[in-house]
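Visitor: I'd like to learn how to read a fold piece by piece. Can you walk me through one?
Guide: Happy to. Let's bring it up and go feature by feature.

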Amino acid sequence: MACIYGDITKIDTTGASEKTAKQDNLTVTGVPASHQLAAHDLTRMNKYRDLIIKVGKAHQMDPAVISGIISRESRAGAVLKDGWGDHGNAFGLMQIDKRYHTPVGEWDSERHLTQGTEILIDLIKQIQNKFKDWPKEHQFKGGISAYNAGVKNVRTYERMDIGTTGDDYSNDVVARAQWFKKNGY
């Protein structure tokens with residue numbers, strides 16, 4: 001499936017930080033850790049695979065990227081309580097923050113995945129406008145970083161994750177998405 005925002009397989013990534021890898025008590029960091037975290041979420045993610053692919057196709061967004069965000073944000077639902085995470089501030093698989101958006105649909109519904117994907121696309125477009133000279137894949141990665149910490153936090157390509165959760169958000173999501181891409185998404 002073509003993604004008009006860039007090719008996730010062409011984005012460089014350092015993967016998960018030690019802090020993120022410790023979620024699953026991993027002894028590795030970086031891309032191998034991100035791949036292991038994604039693999040741990042695969043069984044749960046597969047419950048949503050058809051919905052993720054449908055929403056991705058409808059919005060020209062790589063389903064692997066949606067899956068990478070879901071894996072990072074909610075561990076494919078494993079860390080949610082009644083659909084909520086982040087101390088009751090974020091909703092659903094993609095963790096829509098109620099302080100900035102009004103969540104729609106059920107926590108694991110097509111409406112929810114559509115809303116999260118539309119938020120991501122809007123952020124990518126804002127990064128494209130902010131960094132017009134960046135290559136497409138850099139803008140794509142910047143939009144993924146902004147999904148966690150906002151457009152204002154993205155100031156340089158090299159340091160876009162400083163200030164994100166774990167200081168590794170886009171790098172971890174990209175690495176997870178690359179793994180999901182190789183595993184049916």
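Visitor: Which residue just after α4 takes a positive phi?
Guide: Bear in mind that this is a predicted model. The residue is R75, whose phi is about 50°.

Visitor: And at the start of α4, which backbone nitrogen does a side-chain oxygen of D62 reach?
Guide: That would be the backbone nitrogen of A64, with the D62 oxygen within 2.8 Å of it.

Visitor: How far does α4 reach from its first C-alpha to its last?
Guide: Helix α4 covers residues 63–74, 12 residues in total, and reaches 16 Å, close to the 16 Å expected at 1.5 Å a residue.

Visitor: How many residues of α4 are buried?
Guide: Start with the general idea: an α-helix has 3.6 residues a turn, so residues three or four places apart point the same way. Here, buried means under 20% relative accessible area. In α4, 12 of the 12 residues are buried, so this helix is largely enclosed by the rest of the structure.

Visitor: How many bridges join β1 to β2?
Guide: There are 2, and β2 spans residues 90–91. As an example, W84 has F91 as its bridge partner in β2.

Notes
Residues numbered from 1 in each chain as written. Predicted model: local features only at pLDDT ≥ 70, side-chain atom pairs only at ≥ 80, totals over all residues. Heavy atoms only, no water. Pairing = 2+ DSSP bridges. Helix = DSSP H or I, 4+ residues; strand = E, 2+ residues; numbered from the N terminus. Expected span 1.5 Å × (residues − 1). Buried < 20%, exposed > 50% of the residue type's maximum accessible area, 1.4 Å probe, protein only. Polar contact = N/O pair within 3.5 Å; in protein donor to acceptor, adjacent residues only side chain to side chain.
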